[in-house]
Amino acid sequence: MQQIRRIFDRVGIAYLIYNWMDRKIWAKFMLNVGVNQVVSVCGENFGSVKKTGMARDLMIAAMAEVIPVARQEGVDLNEADIIYWLGVVDSLSDAGKPSMRQYIEACRPSEVALFSGTVVALGQKQ
């Protein structure tokens with residue numbers, strides 16, 4: 001990591017170093033499980049999860065399902081993580097779509113089963 005840091009410093013690339021990388025990875029997984037899957041499966045865009053209603057409720061519920069699974073794996077995700085991601089989602093373009101949605105539109109395989117299947121499989125370990 002220190003070698004990469006020196007290279008980035010030398011060439012002027014901005015970066016952040018997280019001491020709790022596993023937490024960051026789980027938090028990003030929470031976003032993917034909630035936003036990307038819901039927008040993709042519902043056949044919508046980001047605007048659908050930015051407004052009050054079924055899609056937003058489903059997104060929040062899907063993200064909440066990741067919390068106990070992450071904790072079981074030793075990572076302390078919590079409601080504050082959901083609130084953080086809601087702020088990120090609310091800043092996105094209404095017309096935008098995650099790549100997962102674009103894959104479905106193009107009739108290509110998507111990660112829906114991978115994300116949801118991982119949450120289910122880890123949840124069953126409890």
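The expected span of a helix is 1.5 Å times one less than its number of residues. Keep that rule at hand for one of the exercises below.

The model is predicted, with local features needing pLDDT of at least 70, side-chain atom pairs counting only at pLDDT 80 or more, and totals for chains, interfaces and linings using all residues. Residues are numbered from 1 along each chain as its sequence is written, and side-chain values use heavy atoms, leaving out hydrogens and water.

**Exercise 1. Get your bearings in the whole protein.**

Task: Find how many helices and strands the protein has, and describe its overall extent.

Solution: 
- Step 1. Helices (H or I, at least four residues) and strands (E, at least two) are DSSP runs, numbered from the N terminus.
- Step 2. By that count there are seven helices and zero strands, and the pattern along the sequence reads α-α-α-α-α-α-α.
- Step 3. Along the principal axes, the C-alpha atoms fill a box of roughly 45 × 35 × 30 Å.
- Step 4. Of the 126 residues, 33% are buried; buried means under 20% relative accessible area, exposed over 50%, and partly exposed in between (1.4 Å probe, protein chains only).
- Step 5. Contact means heavy atoms within 4.5 Å. Among contacts between residues at least 6 apart in sequence, 66% join residues at least 24 apart.

**Exercise 2. Follow helix α4.**

Task: Compare the reach of α4 with its expected span, then list its buried residues.

Solution: 
- Step 1. With 19 residues, α4 reaches 28 Å from its first C-alpha to its last, close to the 27 Å expected at 1.5 Å a residue.
- Step 2. Its buried residues are Ala55, Arg56, Met59, Ala62, Met63, Val66, Ile67, Val69 and Ala70.
- Step 3. As you look at that list, remember that an α-helix has 3.6 residues a turn, so residues three or four places apart point the same way.
- Step 4. The cover over the buried residues of α4 includes α2, α3 (47–50), α5 (79–90) and α7 (112–124).
- Step 5. Just after α4 comes Gly74, with a positive phi of about 90 degrees.

**Exercise 3. Pack α2 against α4.**

Task: Work out how α2 and α4 are oriented to each other, and what kinds of residue meet there.

Solution: 
- Step 1. Axes are lines fitted to C-alpha atoms, for helices over the stretch in contact, and angles run from 0 to 180 degrees between N-to-C directions.
- Step 2. Helix α2 (residues 21–41) and helix α4 (residues 54–72) pack at about 150 degrees, their axes 8 Å apart.
- Step 3. Angles under 35 degrees count as roughly parallel, over 145 as roughly antiparallel, 65 to 115 as roughly perpendicular and the rest as oblique. The two helices are therefore roughly antiparallel.
- Step 4. On the α2 side, the residues in contact include Trp26, Phe29 and Gly34; on the α4 side they include Ala55, Leu58 and Ile67.
- Step 5. By class, the contact has 16 nonpolar residues, one polar and no charged (Ala, Val, Leu, Ile, Met, Phe, Trp, Tyr, Cys and Pro count as nonpolar, Asp, Glu, Lys and Arg as charged, and the others, Gly among them, as polar).

**Exercise 4. Turn to the other partners of α2.**

Task: Describe how α2 packs with α7 and with α5.

Solution: 
- Step 1. For α7, the angle to α2 is about 125 degrees and the axes are 9 Å apart. That makes α2 oblique to α7.
- Step 2. Trp26, Phe29, Asn32, Val33, Gln37 and Val41 in α2 meet Val112, Phe115, Ser116, Thr118, Val119 and Leu122 in α7. This contact has eight nonpolar, four polar and no charged residues.
- Step 3. For α5, the angle to α2 is about 60 degrees, with axes 10 Å apart, so this pair is oblique.
- Step 4. Arg23, Ala27, Lys28, Met30, Leu31 and Val35 in α2 meet Asp81, Ile82, Trp85 and Val89 in α5. Here the classes are seven nonpolar, no polar and three charged.

**Exercise 5. Zoom in on two residues.**

Solution: 
- Step 1. The C-alpha atoms of Ala55 and Val38 are separated by 6.7 Å, though the residues are 17 apart along the chain.
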